[in-house]
Amino acid sequence: MVNLVANAKDNSAGVSTPSVDRDRILAAIDLGTNSLHMVVVQIQPKLPAFSIIAREKDTVRLGDRDKKTGNLTPAAMERAIAALRRFQGIAKSLNAEQIIAVATSAVREAPNGRDFLKQVESDLGLSVNLISGQEEARRIYLGVLSGMELNNHPHIIIDIGGGSTELILGDSHEPRSLSSTKVGAVRLTAELITTDPISNGEFQSLQAYVRGQLERAVDELRAVLQPGEQPRLVGTSGTIETLVTIHAREKLGTNPFSLNGYQLSLNDLRDLVNRLRRLNYLERAAIPGMSERRSEIIVAGAVILQEAMTLLGAELLTVCERSLREGVIVDWMLAHGLIEDKLRYQSSVRERNVIKTARKYGVNLEYSQRVAEFALSLFDQTQGILHHWGSEERELLWAAAILHNCGHHISHSSHHKHSFYLIRNGELLGYTEAEIDVIANLARYHRKSAPRKKHENYQNLPTKQHRQIVAQLSALLRLAVALDRRQIGAIRQVQCEYNAETKELQLHLKPTQLDDDCALEIWSLDYKKDVFEAEYGIKLLPVLNAIAVPISQ
């Protein structure tokens, strides 16, 4: 017989990670709209810092989607899988212990994007995390912080990709503004440019469209600037690096050893844009510093940068060579407790954004935190006995417990379904799309029906393992909700006692008030326990103990 006790109030969502002193080799892959990039790094935990061992790039153009359906094309997917296979081989040859891969705009928006990621996992055994635009912006910020000292001064970071442009405002601390706008070099070239060289009419339309799309993001960013602040502009990624390389070769007569810190003025950019718009594809490709594939999309990319700088009132741009993939590395280091200096605040980004979302939808946090404490207590006490999930799944359960009732913001009726919708379509920073899917489904199944294959939201979870997490942990969440049925904190502590021979789990309940019979909580446990019993194949027996239950060893 196993007898464990835990006071719910002692539990938290924190992830405990072992201290690791040895150097680690890690690879990060960014599946972008224009190109796939990989960086392989050596992490030195004692510093903590990382050095780049290798960089790889393949222009596969995932963003060249089917114009009628919006799907990723078979040819583009084939190119991407071939590139990923090559990246895997390189990472393996460099002894990378893990490959972390993220997908952005093109895969995020394509109707068959998730199917493509399933194919990648099936063919290569590589799990790719789909991240939202805001999460992409957050990780870009982390990447820039790893390669540039902001000295507590406000900086605006612009990252122009193939499908989207990210704008971030930060000052070495937490980002003040994160945005992702659907203007990218590949997207705009495909949608707005049919002439080569671009005609005057199309050029003017392109400028107007970009300006219109970026205005909102720029206004939101300006709104959080303090009076008198003069932010500096930092640019990252391929479009900007290409423009700066061309400028540097013409000014210096050679390629600079590093673009990091190189500066480009708005006036020089305007001159470059005016030249590029008058050249055709072959003429642009012949410019020193311009790759053949980049020349196809450079006009649109250059216009995005020009209009952004104009709207921001920025006369000068400074280049940072670190961006999303380096941010993926930093995010991994934070998650594994390897960074505790200027980026320390980021380690709690998940918790803060869950609480922020809960407040946005009017969640009773005092109540939801009690439910979360019970959920984690049940998780901890049954770990290794009824389930074998770890710290990552524990965090997802905590988030779902905090947000399970947010659907009341829409309606009391079917509020569990509304909770799913709000969580799934919100912006939970720090989580991948798959993790958000799990959190949303856990909240969805805190009441009413158990997870069923016929439910589209459940069936659409990325893998069988994700469905198992939802099935097992939502059963725990149901019990946690029942334990505070009156939402007054009637039960102070829950102790699990499992008998493996009879397959019975006794829940010893300690009331907050000794004269409280907790009848409604016990009734609720009896009402909700069927799903739990069916999932784990055991019998649940709630027992009220007016005095503390001794711990048996």
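User: Helices (H or I, at least four residues) and strands (E, at least two) are DSSP runs, numbered from the N terminus. At what angle do α5 and α10 pack?

Analyst: This is a predicted model, where local features need pLDDT of at least 70 and side-chain atom pairs pLDDT 80 or more, while totals for chains, interfaces and linings use all residues. Residues are numbered from 1 along each chain as its sequence is written, and side-chain values use heavy atoms, with hydrogens and water left out. Helix α5 (residues 185-192) packs on helix α10 (residues 292-312) at about 110°, and their axes are 8 Å apart. Axes are lines fitted to C-alpha atoms, for helices over the stretch in contact, and angles run from 0 to 180 degrees between N-to-C directions.

User: What are α5 and α10 to each other, then?

Analyst: Roughly perpendicular, therefore. The classes are roughly parallel under 35 degrees, roughly antiparallel over 145, roughly perpendicular from 65 to 115, and oblique for the rest.

User: Which residues of α5 make the contact?

Analyst: A185, V186, L188 and T189. On the α10 side, E296, I297, A300, G301 and I304 take part. Contact means heavy atoms within 4.5 Å.

User: Other pair. How far apart are the axes of α1 and α3?

Analyst: The axes of helix α1 (residues 74-93) and helix α3 (residues 113-124) are 11 Å apart, and the two helices pack at about 40°. That angle makes α1 oblique to α3.

User: And which residues of α3 are in that contact?

Analyst: From α3, the list is F116, Q119, V120, D123 and L124. From α1, it is M77, A80, I81, L84, R85 and Q88.

User: New topic, the sheet. How many strands form it, and in what order?

Analyst: Six strands form an open sheet, in the order β9-β8-β7-β10-β12-β11, with mixed pairing. Two strands pair if DSSP finds at least two bridges between them.

User: Which strands stand at the edges?

Analyst: β9 (177-181) and β11 (263-265) do. Each has a single partner strand, so one side of each is left without a neighbour in the sheet. Neighbouring strands in this sheet are turned against each other by 25° on average, direction ignored.

User: Do β7 and β8 pair in the parallel or antiparallel sense?

Analyst: Antiparallel: strand β7 (residues 155-160) and strand β8 (residues 165-170) are joined over six bridges.

User: Which residue in β8 is the bridge partner of I158?

Analyst: The bridge partner of I158 is L167.
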